Amino acid sequence: MIIKQYIKDFENLGFGMFVHFGLYSVLGKGEWAMHLLNIPDEEYFKLAEMFRPAPDWAEQLVTAAKNAGCRYITLTTRHHDGYSLYDTCGLNPLDAPHSCGRDLVREFVDACRAQGIIPFFYHTLLDWHEKSFEEDFPEYLRYLRKSVEILCTNYGKIGGLWFDGMWSKPDADWEEDALYACIRAHQPEAMIINNTGLGAQGALGHIELDSVTFERGKPQPLNMEGAPKYVASEMCQVFADHWGYAQEDLNYKSPADMIRDLAVCRRYGSNLLMNVGPMGDGTLRLMDKAIYDLMGQWIKINGEAVYEPHPCEIEVENKQEDFLLEKDNIYYLFCDHLPMSADPNVALKQEGEYRDIFTMSKKIKTITWLDNGAPVEFEQNGDCVTVKTVPYAYGRQLVVRVAKIETEE
C-alpha cells in the first residue's frame with residue numbers, strides 16, 4: 001500500500017472550517033434556494049448587485065477559525081448556482097470580479113496565509129446555470145477543468161480541492177482521470193476530495209482521491225484491505241440544517257454536540273470539517289461565532305490530544321464512548337459523560353464510581369488531567385489498567401475530559 005506524506009499531514013490538521021458563501025448568502029434562505037425555491041435565473045442573479053462583502057470579511061473569518069483551533073478552511077469558490085468567488089478569466093461573467101470588482105478567493109487566500117491557516121477550495125461539479133451541463137456534457141467538463149485549472153495556478157500552493165455533485169449524474173462519465181491529472185500537474189501535493197454525499201459515506205473511489213467523506217454522519221474505521229494506497233477521512237458537519245446562511249433556520253445543535261463530534265472524528269483518525277454560512281456581508285451570525293469560540297475554548301485546554309495523536313488498538317472495556325489515542329509513548333484517554341460533582345440541589349448527576357478499564361502492556365508512569373494538571377488515580381496490575389475518571393469539580397464541565405497517560409519506553 002502506498003502511503004503519501006501529504007495525506008498523513010492532512011490527518012494531523014484535525015479540525016477545519018467549512019465555509020458556504022455566495023449569492024445565496026444575500027438571500028438568506030440556504031445554499032440550494034435557487035433550485036428548491038424555483039427562482040428564475042434573471043431574478044436570482046440580481047443578487048449580485050447586493051453582494052458586497054465587508055472589506056475585512058476574510059480576515060474576520062480566518063481569525064474566527066484560528067481562535068477556534070481550526071488549521072484549515074475550505075471555501076466554496078463556486079457552488080451549484082454557478083456563481084464564482086474567483087476571477088474566471090473570461091470563462092463566465094458570473095463571478096465576483098464582475099459583480100463587485102473583487103477577487104474574493106484572492107482575499108481569502110491572503111487572509112489565510114497571513115494567519116498560518118491552510119486554504120482549501122470547494123468547487124461544485126454540477127451547475128444549475130451552465131447550459132452545457134445538460135446539453136453538452138463533454139463540453140461542460142472541459143469548462144469545469146478550465147475553471148479548476150485557474151484555481152490551481154493563480155493562488156499559489158493550496159491544501160486541496162473538495163468536489164461535490166458527482167452524485168447528480170451517477171451514471172455519467174465525469175472524466176475523472178482528466179480532472180485529477182489537471183490538479184496533479186499544478187498542485188502535486190494537494191488533497192483531492194470528492195464528496196460521496198449522504199448515501200455513500202466513507203466509500204472509496206478513484207485512485208487519485210486522497211480522503212473519503214462522511215457528510216453529517218459519524219466516521220467509522222476504514223477497511224483498506226487490498227486498497228492500492230492509504231487514504232484519510234473527513235466528516236463535514238453543519239450547525240443547523242442549512243450549509244449556506246438561512247436567516248430562519250433556528251435548529252441549532254449544541255456546542256456539546258460539536259465537541260463530541262470532534263472527539264469521535266479523532267477517535268477514528270478523521271478530520272472534522274465544521275461548516276459555517278456567513279451572511280451576505282461575509283460576517284458570521286453571533287450564534288455561529290459563539291459555537292466556534294466555545295470549541296476553541298475546549299481545544300485550548302485539550303489541543304495536544306487533538307491534532308497529532310492517532311487511533312490505537314487499545315479498547316476501553318467497560319465504556320463504549322471512552323477511547324484512547326496515542327503518540328509515541330504518550331496516550332490520551334477521552335472520557336465522555338462525566339458529571340459535575342456538586343450538591344444535589346445544584347447538579348443533576350452526583351459523584352459515583354467512574355472508572356475506565358483497559359489492557360496496556362507498557363508500564364504507566366503518570367496520568368494527569370489536561371484541564372488542570374491534577375494527578376489521576378489508577379491501578380495497573382500486569383496489563384490490566386483501571387483509571388478512576390473522577391467527575392468535574394463544581395465550576396467546570398468540559399463535555400469530554402482528557403487524561404494524559406505517560407508510559408515508560
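Visitor: In which sense do strands β9 and β10 pair, and which residue of β10 does P311 stand opposite?
Guide: Bear in mind that this is a predicted model. Strand β9, residues 310–311, pairs with β10 over two bridges, and the sense is antiparallel. Within β10, the residue that stands opposite P311 is L325.

Visitor: Which residue is the bridge partner of K327 in β11?
Guide: Strand β10 is joined by five bridges to β11, residues 330–336, and the two run antiparallel. They form a hairpin with two residues between the strands, where D328 takes a positive phi near 60°. For K327, the bridge partner in β11 is I330.

Visitor: How many residues of strand β10 are buried?
Guide: Strand β10 spans residues 323–327 and is mostly covered. Of its five residues, the number that are buried is four.

Visitor: What distance does helix α12 reach from its first C-alpha to its last?
Guide: Helix α12 covers residues 286–302 and has 17 residues, for which a span of 24 Å is expected at 1.5 Å a residue. The reach in the model, from the first C-alpha to the last, is close to that expectation, at 24 Å.

Visitor: Why can the buried residues of α12 be placed on the same side of the helix, and what arc do they cover?
Guide: The buried residues of α12 are D288, I291, Y292, M295, G296, W298, I299 and N302. Because their directions around the axis stay within a limited arc, they lie on the same side of α12, and that arc is only 165°.

Visitor: Which exposed residues does the face of α12 turned away from its buried side carry?
Guide: The buried residues of α12 pack against several elements, including β1 (15–19), α5 (57–68), α11 (255–267), β8 (271–276), β11 and β18 (400–407). On the face turned away from that buried side, the exposed residues are L286 and K300.

Visitor: Which backbone oxygen does the side chain of T407 reach, and at what distance?
Guide: T407 has its place in strand β18, and it is buried, with a relative accessible area of 5%. Leaving aside neighbours within four places in sequence, T407 is in contact with N329, Y331, M360, K362, K363, I364 and K365. The side chain of T407 reaches the backbone oxygen of N329 at 2.7 Å.

Visitor: Which residue of β16 does F358 stand opposite?
Guide: Strand β13 is joined to β16, residues 384–388, by five bridges, and these strands run antiparallel. In β16, the residue standing opposite F358 is V385.

Visitor: Why is strand β6 described as largely enclosed, and which of its residues are buried on each side?
Guide: Strand β6, residues 211–215, is largely enclosed by the rest of the structure because five of its five residues are buried. Both faces are covered, with S211, T213 and E215 buried on one side, and on the other V212 and F214.

Visitor: Do β6 and β7 run parallel or antiparallel, and which residue of β7 does V212 stand opposite?
Guide: Five bridges join β6 to β7, residues 232–237, and the direction is parallel. In β7, the residue opposite V212 is S233.

Methods:
Residues numbered from 1 in each chain as written. Predicted model: local features only at pLDDT ≥ 70, side-chain atom pairs only at ≥ 80, totals over all residues. Heavy atoms only, no water. Buried < 20%, exposed > 50% of the residue type's maximum accessible area, 1.4 Å probe, protein only. Pairing = 2+ DSSP bridges. Expected span 1.5 Å × (residues − 1). Arc of directions from axis to C-beta. Contact = heavy atoms within 4.5 Å. Polar contact = N/O pair within 3.5 Å; in protein donor to acceptor, adjacent residues only side chain to side chain.
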